[in-house]
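Subject: Structure handover

Dear colleague,

Please find the structure below. My notes follow it.

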Amino acid sequence: TELRSKTRTTADWQAADAAHFLHPFTDFQSLAKKGSRIITKAENIYLTDSDGQRILDAMSGLWCVNVGYGQQALIDAATRQLKELPFYNAFFQTATPPAIELAELLAEVTPPQFKHVFFTGSGSEGNDTIVRMVRRYWDIQGQPGRSVIISRRNGYHGSTMAGASLGGMSAMHAQGGLPIPGIEHIDQPYWVEHGQHRPAPSRLKAGDPPRGAGDEGDLGAGISREQFGLVAARWLEEKILAVGVERVAAFIGEPIQGAGGVIIPPATYWPEIQRICDKYGILLVSDEVITGFGRTGRWFGCETFGARPDLMTFAKGVTSGYIPLGGVMVGERVAEALIERGGEFEHGYTYSGHPVACAVALANIKLIRELGLVERVHDDVGPYLAEGFESLKAHPLVGDAESCGLMGAVLLVKDKDGLKPFDESVGIGMVCRGHCFREGLIMRAVGNRMIIAPPLVITRAQIDEMMALIRRCLDLTL
Ligand code: PLP
């Protein structure tokens with residue numbers, strides 16, 4: 001195989017790819033026509049493709065390679081564990097040292113309410129676990145009627161039946177009979193789409209009672225982002241009251257919606273969501289699959305935005321994507337019920353607590369600590385990226401540019417005045433993405449938003465290089 005890999009050309013790879021490999025979230029026929037790009041190796045923040053082109057990976061793979069590529073400590077941890085004990089499960093009263101040690105370390109790096117973890121193989125499985133766990137919690141509390149979970153349109157929580165149902169992606173819901181019963185959606189806190197054209201409210205402040213849908217606005221010149229954060233959080237309260245408090249189990253959201261286009265909520269949003277969940281006793285779930293492990297400049301996104309969730313889903317950055325692993329951090333309130341009064345929880349996966357994955361996660365988290373990556377994002381490269389993004393606003397195509405930690409989005413507009421969008425048929429994001437692809441930059445397009453989430457090890461000089469590439473691609477898109 002080694003020999004054959006070396007002698008295959010890009011065209012050979014593409015032909016075999018088209019003949020046998022059905023890619024996720026892909027129009028299969030499109031690959032048969034143009035073939036995919038074959039990535040053969042990577043180091044630090046750079047990929048190399050089968051034609052030898054170097055590409056700056058401003059997406060950390062799929063938001064996961066937090067420590068960058070080629071970290072020897074992770075490779076060594078996997079190798080050692082593969083030799084010593086490649087697999088043993090955590091079913092039937094057994095456990096392995098890496099899984100126990102990781103559980104212990106996660107209790108240390110997560111917010112103080114978290115002392116327990118339930119391992120899964122991915123973020124989607126983590127969110128399936130959330131659905132079963134919150135419903136189980138309310139059963140144990142003697143309130144089985146509390147089964148509805150509220151999430152948001154344009155949120156992303158994975159691709160399994162429950163994960164995709166929690167998510168609010170209409171294209172996903174159009175296929176395969178989704179959503180499953182008992183999931184309700186509210187609108188996202190996206191100011192550009194839902195806020196900028198609203199009249200300004202005269203009296204709205206944190207803690208005001210809701211006055212019904214559409215009643216948040218009086219006359220005025222437009223709602224500020226901060227006011228809009230409160231309005232958007234009130235949609236949760238309205239939904240809870242519409243469904244009936246006695247039927248609502250939990251609210252789930254990503255601190256920053258990633259796949260939805262890096263939608264950074266106003267600072268007022270999450271504290272208000274927290275207040276509403278507390279008021280009605282509803283469990284708050286933070287999906288930290290993207291925002292966990294330093295991405296926003298704190299260990300977890302909920303810490304950046306001032307929420308105190310009862311449950312947290314994680315995956316991706318826990319191993320920097322070197323090997324699959326996910327899980328759910330279970331806060332005291334839920335853990336106490338499950339442990340003391342729950343009996344057997346009829347749920348789990350063969351790879352819950354996989355020893356090799358856990359050994360890699362341990363090495364990864366220790367490396368994040370050793371390199372001080374979380375502080376670095378918070379104090380140094382995060383603010384530096386924000387400056388770069390601020391300067392992008394002068395570009396004629398850019399209606400808005402914002403970042404938080406090392407996540408950012410550039411909104412491409414037809415007219416800066418009123419942030420008027422391009423017609424969808426132009427496919428402006430895909431045009432820009434095409435230029436990035438050719439220029440050696442991985443940037444993702446979500447509609448008219450161009451998004452990035454580079455590895456946390458990126459340096460200031462590399463941010464300069466990335467910004468120059470972004471500017472060049474924007475110029476080419478003009
Ligand atoms: N939750 C969020 C916020 C995600 O961004 C993703 C994946 O992108 C998932 C869940 C699903 O994780 P996985 O693809 O590991 O199943």
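This is a predicted model: local features need pLDDT of at least 70, side-chain atom pairs count only at pLDDT 80 or more; totals for chains, interfaces and linings use all residues.

Residues are numbered from 1 along each chain as its sequence is written.

Sheet

Helices (H or I, at least four residues) and strands (E, at least two) are DSSP runs, numbered from the N terminus. Four strands form an open sheet in the order β1-β2-β3-β13, with mixed pairing; two strands pair if DSSP finds at least two bridges between them. At the edges are β1 (39–43) and β13 (441–442), each of which pairs on one side only. β1 runs antiparallel to β2 (residues 46–49), and four bridges join them. Glu43 has Tyr46 in β2 as its bridge partner. The two strands β1 and β2 make a hairpin with two residues between them, and Asn44 in the turn has a positive phi of about 60°. β3 (residues 54–57) pairs with β13 in the parallel sense over two bridges, and Asp57 has Ile442 of β13 as its bridge partner.

Helix packing

Axes are lines fitted to C-alpha atoms, for helices over the stretch in contact, and angles run from 0 to 180 degrees between N-to-C directions. The axes of α16 (residues 373–392) and α18 (residues 460–477) come within 10 Å and cross at roughly 25°. α16 is therefore roughly parallel to α18 (angles under 35 degrees count as such). Their crossing is right-handed, meaning that the near helix is turned clockwise from the far one by less than a right angle. Val381, Tyr384, Leu385 and Gly388 of α16 make the contact with Arg460, Ile463 and Met467 of α18; residues are in contact if their C-beta atoms, placed from the backbone, lie within 7 Å.

α6 (residues 97–109) and α15 (residues 355–370) pack at an angle of about 35°, with their axes 8 Å apart. By class, their contact has 11 nonpolar, no polar and one charged residues. Ala, Val, Leu, Ile, Met, Phe, Trp, Tyr, Cys and Pro count as nonpolar, Asp, Glu, Lys and Arg as charged, and the others, Gly among them, as polar.

Ligand

The ligand is surrounded by 16 residues, the closest being Ser122, Gly123, Ser124, Gly158 and Val289 (C-beta atom, placed from the backbone, within 6 Å). Helix α7 (residues 123–140) gives the largest share of this shell, three residues. The shell divides into six nonpolar, eight polar and two charged residues.

Regards

Key:
Angles under 35 degrees count as roughly parallel, over 145 as roughly antiparallel, 65 to 115 as roughly perpendicular and the rest as oblique. Two residues are in contact if their C-beta atoms, placed from the backbone, lie within 7 Å.
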